[in-house]
Amino acid sequence: MGKRIYDKAIRQRENNPENSLPHATAKYIRISPYKVRAVLDLIRGKSYRQAVGILENLNKSSCDPILKALKSAGANAENNQGRSTDTLFVAKCYANQGPTLKRYIPKAHGRAGGLLKRTSHITIVLDEIKA
């Protein structure tokens, strides 16, 4: 990579406002991003405490990795930036598709059918509530 391109990438990372906010990313989660997005829509815009309560009481398989990422973002806010979790809310949360595992399933007459096992990258960004 050229020196100017490298420097430009570093400047873009430093100037990105999302990097100054507490955030956490859970990568390679073995749940389809479509299933994860349904749960993320429930907590987007909610306060930190309310989002934790929703995830702890919801009966979906994607709640566990989302809750883990949310608590990690809250811990990043407390330990790295000195913010209280009482004043935080979920500013952004999204699930991007990770690599797809391709498997085969046996079918009739000696054939094989394809099976796609999808993975997700879950990102949660917190921000302070404006008074």
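**View 1. T85 and its contacts.** Once its neighbours within four places in sequence are set aside, T85 is in contact with Y48, R49, G74 and E78, where contact means heavy atoms within 4.5 Å. The model is predicted: local features need pLDDT of at least 70, side-chain atom pairs count only at pLDDT 80 or more, and totals for chains, interfaces and linings use all residues. Residues are numbered from 1 along each chain as its sequence is written, and side-chain values use heavy atoms, with hydrogens and water left out. T85 sits in the loop between α4 and β2; helices (H or I, at least four residues) and strands (E, at least two) are DSSP runs, numbered from the N terminus. With a relative accessible area of 5%, T85 is buried (buried is under 20% relative accessible area, exposed over 50%, partly exposed in between; 1.4 Å probe, protein chains only).

**View 2. Helix α3 packed on helix α4.** Helix α3 (residues 48-57) and helix α4 (residues 63-81) pack with their axes 9 Å apart, at an angle of about 160°. Axes are lines fitted to C-alpha atoms, for helices over the stretch in contact, and angles between N-to-C directions run from 0 to 180 degrees. The angle makes α3 roughly antiparallel to α4; the classes are roughly parallel under 35 degrees, roughly antiparallel over 145, roughly perpendicular from 65 to 115, and oblique for the rest. The crossing of α3 past α4 is left-handed, that is, the near helix is turned anticlockwise from the far one by less than a right angle, while clockwise is right-handed. On the α3 side, Y48, A51, V52, L55 and E56 make the contact, and on the α4 side C63, I66, L67, L70, K71 and G74 do. By class, this contact of α3 with α4 has eight nonpolar, one polar and two charged residues (nonpolar: Ala, Val, Leu, Ile, Met, Phe, Trp, Tyr, Cys and Pro; charged: Asp, Glu, Lys and Arg; polar: the others, Gly among them).

**View 3. The two sides of helix α3.** The buried residues here are Y48, A51, V52 and L55 of α3. Their arc around the axis is only 100°, which puts them on the same side of α3; the arc is that of the directions from the helix axis to the C-beta atoms. Cover for the buried residues of α3 includes α2, α4, β2 and β5. R49 and N57 are exposed on the other side of α3.

**View 4. The buried side of helix α2.** In helix α2 (residues 33-43), P33, V36, V39, L40 and I43 are the buried residues. They span an arc of only 125° around the axis and therefore lie on the same side of α2. An α-helix has 3.6 residues a turn, so residues three or four places apart point the same way. Packed against the buried residues of α2 are α3, α4, β2 (88-97) and β5 (120-128). Y34 and K35 are exposed on the face of α2 turned away from its buried side. After α2 comes G45, with a positive phi near 90°.

**View 5. Helix α2 crossing helix α3.** The axes of α2 and α3 cross at roughly 140° and come within 9 Å. That makes α2 oblique to α3, and α2 passes α3 in a right-handed crossing. V39, L42 and I43 of α2 meet A51, I54 and L55 of α3. The contact of α2 with α3 has six nonpolar, no polar and no charged residues.

**View 6. A73 in helix α4.** A73 is found in helix α4 and is buried, with a relative accessible area of 0%. Not counting residues up to four places away in sequence, A73 touches P22, H23, A24, I124 and L126. A73 and I105 are 32 residues apart along the chain, and their C-alpha atoms are separated by 38 Å.

View 7. Most residues other than glycine have a negative phi. Y28, in strand β1 (residues 23-29), has a positive phi near 60°. Y28 is exposed, at 55% relative accessible area. H109 also is not a glycine and has a positive phi of about 60°. H109 lies in the loop between β3 (101-106) and β4 (112-117) and is exposed at 74% relative accessibility.
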